[in-house]
Amino acid sequence: MQKASKNLIKDLKKQRHDSYLLFLDNIKIIKDALKLGIEPKYILIQSDKAGELEPIFSKYQSVLYSTDRTSIEMLSDSKTPQGVVCITEYLLDVVVKPETDFLVLDGLQDPGNVGSLIRTACACGINYVYLVDSVNITNSKLVRSSVGTIFQVKVMQLSRGDFVKFAKSNNLNLIKADMFGENIFNFKKSGKVGVVVGNEGQGVSKAISDICQFSVSLPMKNNVESLNASVSGSIIMYEISKNNF
């Protein structure tokens, strides 16, 4: 294992906010990503943890580097880094028509919500996710909250205008989460369905609302008006996927 130079660390720090680079700092997520064929550009290991961590990544000697704790902290977003950072390119999936039920996230900005929704989509067998004017897929908090499932589903990023054109040209069947919609537990699913979850504060945009065929809501008691976007979206996804388990 080679030692990372000061210049390398400096260059990587500059690339920290590159929109197509992932800085993975969770051992489980790194291992899962590598199992799924993700090619690392660099794997940096904290020097005093080399004995513990180097055997895990011994297959990648050509990109394996040792460095100090300060450099690991500099390249990690975690408050308590695990002693390793893996840097890899994230290649966005080409926008394609879904072959399963799918998830549309319209203007979501909270990376924790987006990551949690992608994780639920993956758990439900919903293998297509469209990020429409939402937080970037390489956001480190998003990656952590997805627990690596961004590598298991097709995630496509596009503008609202492009998504509207795409949805119309492919006759996509869309249902939006809306507090005034039909009770989701009474909804009769027909064919592939796309669940649209809107912005945390404003809901689904007018442009996408206009192309949704149905609105669905969650029944609530005790005067509760709404739930967190990731909670409500997850319940809806499980409901429309219940016959797939």
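Among contacts in the chain between residues at least 6 apart in sequence, what percentage join residues at least 24 apart? The figure is 78%, where contact means heavy atoms within 4.5 Å.

**Before you start**

This is a predicted model, in which local features need pLDDT of at least 70, side-chain atom pairs count only at pLDDT 80 or more, and totals for chains, interfaces and linings use all residues. Residues are numbered from 1 along each chain as its sequence is written, and side-chain values use heavy atoms, with hydrogens and water left out.

**Stop 1: the whole chain**

Show the chain as a cartoon. It has 9 helices and 11 strands. These are DSSP runs numbered from the N terminus: helices are H or I with at least four residues, strands are E with at least two. The C-alpha atoms fill a box of roughly 60 × 40 × 35 Å along the principal axes. Of the 245 residues, 50% count as buried. Buried means under 20% relative accessible area, exposed means over 50%, and partly exposed lies in between (1.4 Å probe, protein chains only).

**Stop 2**

Two strands pair if DSSP finds at least two bridges between them.

Now zoom in on strand 9 (residues 174-183). Strand 9 and strand 11 pair in the parallel sense over 5 bridges. Pick Lys176: its bridge partner in strand 11 is Ser215.

**Stop 2**

**Stop 3: the largest pocket**

Select Ala177, Asp178, Met179, Ser226 and Leu227. Of the 25 residues that line the largest pocket, these lie nearest its centre. The pocket has a volume of about 540 Å³. Strand 9, strand 10, strand 11 and helix 9 (229-241) each give two or more residues to the lining. Strand 9 gives the most, with 4 residues.

On a 1 Å grid over the protein atoms alone, a pocket is an open set of points with protein on both sides within 12 Å along at least five of seven lines; a cavity is a set where a 1.4 Å probe fits but cannot get out; lining residues have an atom within 4 Å of a point. Grid points are joined across faces, edges and corners, and a volume is the space filled by probe spheres set on the points.

**Stop 4: the cavity**

A search of the whole structure finds 1 cavity of 30 Å³ or more. About 40 Å³ of space lies in the largest cavity. Select its lining: Phe23, Leu24, Asp25, Asn26, Ile29, Ser140, Val143 and Arg144. Strand 2 (21-24) and helix 6 (140-146) each give two or more residues. Helix 6 gives the most, with 3.

**Stop 5: loops worth a click**

Go to Asp133, in the loop between strand 7 and helix 6. Asp133 has a positive phi of about 45° although it is not a glycine. At 37% relative accessibility, Asp133 is partly exposed.

Next, Val147, in the loop between helix 6 and strand 8. Val147 has a positive phi of about 50°, and is not a glycine either. Most residues other than glycine have a negative phi.

Move to Phe185, in the loop between strand 9 and strand 10. Leaving aside neighbours within four places in sequence, Phe185 is in contact with Pro219, Ile235 and Glu239. Phe185 is partly exposed, at 43%.

**Stop 6: the cysteines**

How many disulfides does a search of the whole structure find? The count is 0, with a disulfide taken as a pair of cysteine sulfur atoms within 2.5 Å. Cys86 is buried at 2%. The sulfur of Cys122 is 9.4 Å from its closest cysteine sulfur, in Cys124, also too far for a bond.
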